[in-house]
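This report goes through one protein chain, from its overall build to a few individual residues. Please keep the sequence and the structure in view while reading.

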Amino acid sequence: QHEGSQWPELKRRTAEIFKTKTRDEWTQIFESRDACTYPVLSPKEAPSHPYNAARGTHVEGEFGVVQPAPVPRFSRTPGAVTDAAPIGGGHTADVLKEAGYSPDEIEKLINTGAAFQAAAE
């Protein structure tokens, strides 16, 4: 592992081995071992994963949207969900404007599909 010239081959072999099982099979294999592993979860899976559920990493805000809990967590000044999570692409134009793009540049990025701006509700 310390010989850099071997890394391409080690990467190839590791990928080959990991392709032999599903994510859930690997999760089960590593579950009872002292190994720093964690499955890559979809946004829908993450809140109900036992590790996340036990730590309260996701909350359901007053708007009925499950989203990551505020961090960091302080005992005297805990964070709180104060607004619904934004929809994907809901603030694209605003962010691009803050980054210095002109209205014409923003429009071109959105119209060509290079950026996505969600339609206003």
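## Model and fold

The structure is a predicted model. Its chain contains five helices and two strands. In sequence order these elements run α-α-α-β-β-α-α. The chain is more spread out than a compact globule, because its radius of gyration is 21 Å, well over the 14 Å that the globule rule gives for 121 residues.

The C-alpha trace spans about 50 × 40 × 25 Å along its principal axes. Among contacts with a separation of 6 or more, 16% are between residues 24 or more positions apart.

## Burial and surface

How much of the chain is buried? Of the 121 residues, 12% are buried. The accessible surface of the chain is about 10,200 Å². Carbon and sulfur atoms account for 56% of that surface.

## Charge and salt bridges

The chain carries 13 positive and 17 negative side chains. The centres of these two sets lie 9 Å apart. Side chains of opposite charge can pair when their charged atoms come close. A search of the whole structure finds four salt bridges, and three of them are described here, beginning with the pairs made by arginine 12.

Which residues are linked to Arg12 in a network of salt bridges? The network joins Glu9, Arg12 and Glu16. Arginine 12 pairs with glutamate 9, and the closest N and O atoms are 2.7 Å apart. Arginine 12 also pairs with glutamate 16, again with the closest N and O atoms 2.7 Å apart.

Helix α1 covers residues 7–18, and arginine 12 and glutamate 9 are three residues apart in it, so about one helical turn separates them. Arginine 12 and glutamate 16 are four residues apart in helix α1, and this separation is also about one helical turn.

The relative accessible area is 41% for arginine 12, 33% for glutamate 9 and 48% for glutamate 16.

## A salt bridge between distant parts

Another salt bridge joins arginine 23 to glutamate 45, with 2.7 Å between the closest N and O atoms. This pair links distant parts of the chain, as the two residues are 22 residues apart. Arginine 23 is in helix α2, residues 23–31. Glutamate 45 is in the loop between α2 and α3, the latter being residues 50–55.

Are these two residues buried, exposed or partly exposed? Arginine 23 is partly exposed, with a relative accessibility of 33%. Glutamate 45 also counts as partly exposed, at 30%.

## Asparagine 52

Asparagine 52 is part of helix α3. Its relative accessibility is 11%, so asparagine 52 counts as buried; the cut-off for buried is under 20%.

What does asparagine 52 contact, leaving aside its neighbours within four places in sequence? Its partners are Tyr38, Leu41, Ala46, Pro47, Thr57 and His58.

Methods
Residues are numbered from 1 along each chain as its sequence is written. This is a predicted model: local features need pLDDT of at least 70, side-chain atom pairs count only at pLDDT 80 or more; totals for chains, interfaces and linings use all residues. Side-chain values use heavy atoms; hydrogens and water are left out. The radius of gyration is taken over C-alpha atoms; the globule rule is 2.2 Å times the number of residues to the power 0.38. Buried means under 20% relative accessible area, exposed over 50%, partly exposed in between (1.4 Å probe, protein chains only). Contact means heavy atoms within 4.5 Å. Accessible areas come from the Shrake-Rupley method with a 1.4 Å probe; for residues, only the protein chains shown count as cover. Lys and Arg count as positive and Asp and Glu as negative; His and the chain ends are not counted. The place of a charge is taken as NZ of Lys, CZ of Arg, CG of Asp or CD of Glu. A salt bridge is a side-chain nitrogen of Lys or Arg within 4 Å of a carboxyl oxygen of Asp or Glu.
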